[in-house]
Amino acid sequence: MTSTALRESVATKAGTGRASPRLFRNPWRHPWFLEGFTWLYLVWSLVPIAIAVLFSFNNGKSQATYQGLSIRWYWGDKVNSIWYNPQLHAAIFQTLKLSAFTTVIAVPIGVAFALGINRWRGVASSSFNFIMILSFVVPELIFGVAMYFVFTQLPGFKGLGLGTLAEVLGLVTWNVSWPAIIVQARLVTIGKHYEEASADLGCTQWQTVRRVLLPLLVPAIFASAILVFSGVIDDFVIVDLLSSTAATQPMSVIIYSTQHGGNGGPALNALATVMLLMSFIVAGLGYAGYRLMTRGQRIDGQQALVTIAGGD
Amino acid sequence: MTTQAPPQPPHTAPEATAEGGRPRKQKPYQPNRLFWVLLAAPGMLWLAILFVVPFYAMLAIGEGKLDRQTESPVAVYNPFAWSSANLTNVWRDLFGSNAFALQDAWRTIWYVAVAALLSLVIAYPAAYFVARFAGRRKAIFLVLLIAPFWISYMMRMLAWIDLLQTDGYVNKVLSFVGLGNTDWLGGHWYTVVLGLVYGYIPYLILVLYAGLDRIDPSLIEAGRDLGLGRVRTFVRVTLPLSRQPILTGMLITVLPMLGDYYTNTLLSGARSTSMIGNLIEGQLSIPSAGQGAILSLLVLLVLLAPMIYYVVATNRSSQAAS
C-alpha cells in the first residue's frame, strides 16, 4: 500500500518530467503555520481548565467573575466547602473506593483472561475475545442502560439493587478490556520462545506463567492498572446510572447533578480541582513507575507517556 | 523489584498444583490446553454474566409488558411470549404523525457529524505537527497534548460553563471587541457542538498522534527526495499511511458521542437541542422504560456494523504484529 502509493506518485512525477526542485525554497523549512496552529489548539484546550482551577479559589460565589483569591471553597466556608459539606467529601472517598475496588478486581481477571485467550487458540477463545473487544467499543450509555436493567429488574441481581456494589460490578465489566487488550498486545511481542525454554528446563505451565511470563508482563499490567484507576476517576455514565443515593455518587456525578440542578458554584470547581489533582498524581506515579519498570528496555519517555495514556 | 508480587490470577492455583506432577521430558513443547482455559475462565464467566446477560435482559424488557398496577415494566424472558407493544410505540415515536424521536435522531446524527469532522480538522494538524516537526521540544508538546486526557470530562465541561455565562469572560472579550452579548448557555446547537468537540478531542488526538508517530520518516523523506512537493508528499504518502489511525480515531470519538446525554444537558438543557441519549436516559425511571430499552437496542443495531469493523481491524493489526 505504502510503497505502491509512493512508487505511483514518483512514476507520475518522472513521467511528466516536472520534477524540477525549486532551489530557492528550502523544502525542509520549519512549518511555522502548523506550529502556530498547534499552539492555538493547546491554548484553547488548556486555558479554560486553568481558569476553572482559578475559580475554585474565587472569593465570591460567582462562577463567572473572579473576586479575589481565597480558599473558602476548600475549607473556609462552613456550609458549602469541601471540608464542611459532607456530600462533597463523601464523593471524594466514593471515587477513591470505586477506583480501588475496580482496579483490584478488573486487573487480575483481565490479565488471566489475556493469558488464557492468547495462548489457547480456538473457536471459543476467539468468540470471547470478540465479546471482550465489543465491550471496549460499545457506547457507554447503551451498556449502562443494560446494567441498569440488570440491577433493577433481573431476578437474582434485583436484590442487590443500585449502589456501590452495582457500580463496581458495572465498572469492572467496562474496564476489564484494558488489561485484557494491553497484556495480549505485550504477549504477542514476547512470543513463545521464553515459554518453550522454560518448559524445556522442566517448568510446569503454572511455574512458567508465574516465574517467566508474569515478570515479563509487569510493565503492561502496571500500565493497565493505571489506566483502569484513572479511567474510573473520570467515569461518569456508568456511575450516574448505577448509583442510588447521594451517598454512593462519586465526584463526577455530584458535579453533574449539582450543576444541572442549578446549584453550581466555586465549590464544584474546587471538587473538580481535587479530581484533577488525583488524576495527575495517578498519571505521575504511573509514568514514574512505568519508566522504572522498563529501564533497560528501549522505551523512551515519550513512548511511556503514550502508553500510560492508553494510546497504544 | 520487577518480580515482586504481580496480581495473581484467581481460581487457578488448585488446578495448577494438581498439574505439577507431569512428566518432565516432553518432546516438543505441548502445553496443556485446559490450563489456558482455566486461566481465561473467570474473565469469560464475568463477561458472560455481566456483559452478555445484561443485553438479553434489555431485550427482555424491551419486548416485555407493562404492569398497569405498579406502573413498572415487566421483563419477559421467554422469546415466544414477547410482545411488540414497546416496539410499536417507539416506531410511532420515530415515524408516526408526531414523531419527536425522529427529530432527536436526526439532530444527534448531524451534531455528531459536525463535531466529529471539526475534531478531525483540529486534531489532525496538531497531532501531525507534534509527531513530525516538534523535534527536540517533542516531550513538552506531548505532555501538553496528552494533559487533557487526564482531566475529567466534568471538569472540562465546568470550565466552559464558567466561561460561557452571560457575564462570563467569553462575553466580556466579545463585547470588548464590539460583538455584543450572546446567551451561550441558553440552548444553542453551536454550544453543544463546541462542547462535544472539546470533550472528545483528547481521545482522537492521542490515537492520531500514536498512528502518525509510527510512520517511518524515511518514507516521507523518500517522497521528498524523489521530487514531490510538500503538499503532494502529504497527499500521496502521509495521508494514505494515516488512514487507519483516522478511522480508528473517528470511531473512538463518534461512538461515545452518539451515547452522550450530559454534554447538552449541562451546556444547553433545552428540549430543542436534545439528543438520542437524552431520550434514552429520560425514559429509564418512568413506566416507559421498555421503550428506552428498545431505543437503546435500535441504536446498538445501527452501530453494530462500525463496531464489528473496529473489532476486526483491531484483530487484524494484532495478528499482523505477531
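## Basis

This is a predicted model: local features need pLDDT of at least 70, side-chain atom pairs count only at pLDDT 80 or more, and totals for chains, interfaces and linings use all residues. Residues are numbered from 1 along each chain as its sequence is written, while chains are lettered from A and ligands numbered from 1 in the order in which they are written.

## Chain interface

Chain A puts 105 residues in contact with 109 residues of chain B (contact: C-beta atoms, placed from the backbone, within 7 Å). Helix α2 (residues 32-55) of chain A gives the largest share of chain A's side, 13 residues. Helices are DSSP runs of H or I, at least four residues, numbered from the N terminus.

By class, chain A's side holds 71 nonpolar, 27 polar and seven charged residues. Ala, Val, Leu, Ile, Met, Phe, Trp, Tyr, Cys and Pro count as nonpolar; Asp, Glu, Lys and Arg as charged; the others, Gly among them, as polar.

## Domains of chain A

Chain A splits into domain 1 (29-70) and domain 2 (86-308). The bounds come from an automatic or database domain assignment. The two C-alpha centres lie 30 Å apart.

Seven residues of domain 1 are in contact with seven of domain 2. On the domain 1 side, three are nonpolar, three polar and one charged.

## Helix α10 of chain B

Helix α10 (residues 230-241) of chain B has twelve residues. Its end-to-end C-alpha reach is 16 Å, close to the 16 Å expected (1.5 Å times one less than the number of residues).

Its buried residues are B:T233, B:V237 and B:L241 (buried: 20 or more other C-beta atoms within 10 Å of the residue's own, with C-beta atoms placed from the backbone). They fall within an arc of 40 degrees seen down the axis of α10(B), so they line one face of the helix. The arc is that of the directions from the helix axis to the C-beta atoms.

Terms used
Helices (H or I, at least four residues) and strands (E, at least two) are DSSP runs, numbered from the N terminus. A residue is buried if 20 or more other C-beta atoms lie within 10 Å of its own, exposed if 12 or fewer, and partly exposed in between; C-beta atoms are placed from the backbone. Two residues are in contact if their C-beta atoms, placed from the backbone, lie within 7 Å.
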